[in-house]
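My entries follow in the order in which I made them.

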Amino acid sequence: MALAPRAGRHYPTATGELMAWFPTDADCLDYLEWLRWREGFVCPDCGHQGGWRLGDGRFWCSGCGERTSVTAGTIFDRTRTPLTVWFTTCWLFATQKDGVSALSLQRSLEIGSYQTAWAMLHRLRSVLVRPGRERLTGTVEVDETFIGGEEPGLHGGRQKGKKSLVGVAVERKHPKGFGRCRMAPLVDASTDSLRAFLTDHVEDGSTVVTDGWQPYRGATDGLYTHERLVVPGPQAAQLLPGVHRVASLAKRWLLGTHQGSVDKAHLASYLNEFVFRFNRRPSRSRGLLFYRLLELAVAHEPVRYRDLIVNPQAKKKPPAAPGGRGHPPSLERPPANRPWRASRPGELRLATHVPGGSPFEG
């Protein structure tokens, strides 16, 4: 039986502890090895347990003779980004309440290009759906919402336009409160689309609470106990508070962290990120989310950049060479010898003196 991970022993509890645990890329690699092979090396090709560690850090399987590395076959496969940068990115991605945008990540970690930062975050989003995860149970509120701004001539209802229709399902807790949620893009609000959403995310036999939209009758028929609430539009938020609150939080997050600039083709990935963070909101330690993220990352197959981009187009001319480095530097840093002590006496006083006024004035 697997033991529950413990804060301060299996994962860091704060940013300071993260920096103390993983000051070098070698420390990060050792942690990934521990996460991937708790009981010792297991060959990913033949499943044989046991082998030898080679001088270059790779493992040689004693069963089939294949050689592999700790990062091979994971989302870190063939990465040229230092693991210290990856670990800091995972920490910011998992522990910050609103996540992190690609532009903010690029600036804070000195990543040479926006595309590298963008691809790192999307690789992390691709691992968030755990295979075989449990579906929602009990009493589940279900509704749809639109992701996107208002368009001229489209007001209310289910008029889609260029906006994306998203299904939302939230567990009700008794006597009050909400449990887990699920969100996913929908092709339309037809019976077939809604039934596919329900079967993917809600356990059979659960009680599904919806508004008066007619296709829900067929979508729930034979699988769920359907509780249909026919109310005017303004009152729907009162009778279905869970889905409206979750949808509101998701839209606010997309607008605040990502400035609303989410490509429709990648919307499902952003929704998975929101669901991952929302469902783990009761966690006492934010470091546990970091642990779970890395645990999923080492168990996921590689994700290539070509798999992330949508409708790739050939460039008309070769891109110009970057003026600076193209890949982020490792976050490994030697001691700085306290540079603030190297300033000459009086230097700070002169720098902060304002002619005609007193120091530190204003």
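I began with β1 and β2, which pair in the antiparallel sense over three bridges. I took helices (H or I, at least four residues) and strands (E, at least two) as DSSP runs, numbered from the N terminus; two strands pair if DSSP finds at least two bridges between them. Opposite Trp52 I found Trp60 of β2.

I noted that the model is predicted: local features need pLDDT of at least 70, side-chain atom pairs count only at pLDDT 80 or more, and totals for chains, interfaces and linings use all residues. Residues are numbered from 1 along each chain as its sequence is written, and side-chain values use heavy atoms, with hydrogens and water left out.

I then followed the sheet, an open one of three antiparallel strands in the order β1-β2-β3. Strands β1 and β3 (67-68) are at its edges with a single partner strand each, so one side of each has no neighbour in the sheet.

I next examined helix α2 (residues 25-36). Its twelve residues reach 16 Å from first C-alpha to last, close to the 16 Å expected, where the expected span is 1.5 Å times one less than the number of residues. I listed Cys28, Tyr31, Leu32, Glu33, Leu35 and Arg36 as its buried residues; buried means under 20% relative accessible area (1.4 Å probe, protein chains only). These buried residues pack against β1 (51-53), β2 (59-61), α3 (83-95) and α11 (287-298), with contact meaning heavy atoms within 4.5 Å.

I turned to α3 and helix α5 (residues 114-125), whose axes come within 11 Å and cross at roughly 60 degrees. Axes are lines fitted to C-alpha atoms, for helices over the stretch in contact, and angles run from 0 to 180 degrees between N-to-C directions. Val85, Trp86, Thr89, Cys90 and Phe93 of α3 make the contact with Met120, Leu121, Arg123, Leu124 and Arg125 of α5.

I also checked β5 (residues 164-172) and β6 (residues 178-185), which run antiparallel and are joined by six bridges. Ala169 has Arg182 of β6 as its bridge partner. Five residues lie between the strands of this hairpin, in which Gly177 takes a positive phi near 100 degrees.

Finally, I recorded the totals. The chain has 13 helices and eight strands, and 40% of its 362 residues count as buried. Of the contacts with a separation of 6 or more, 62% are between residues 24 or more positions apart.

Definitions and conventions:
Buried means under 20% relative accessible area, exposed over 50%, partly exposed in between (1.4 Å probe, protein chains only).
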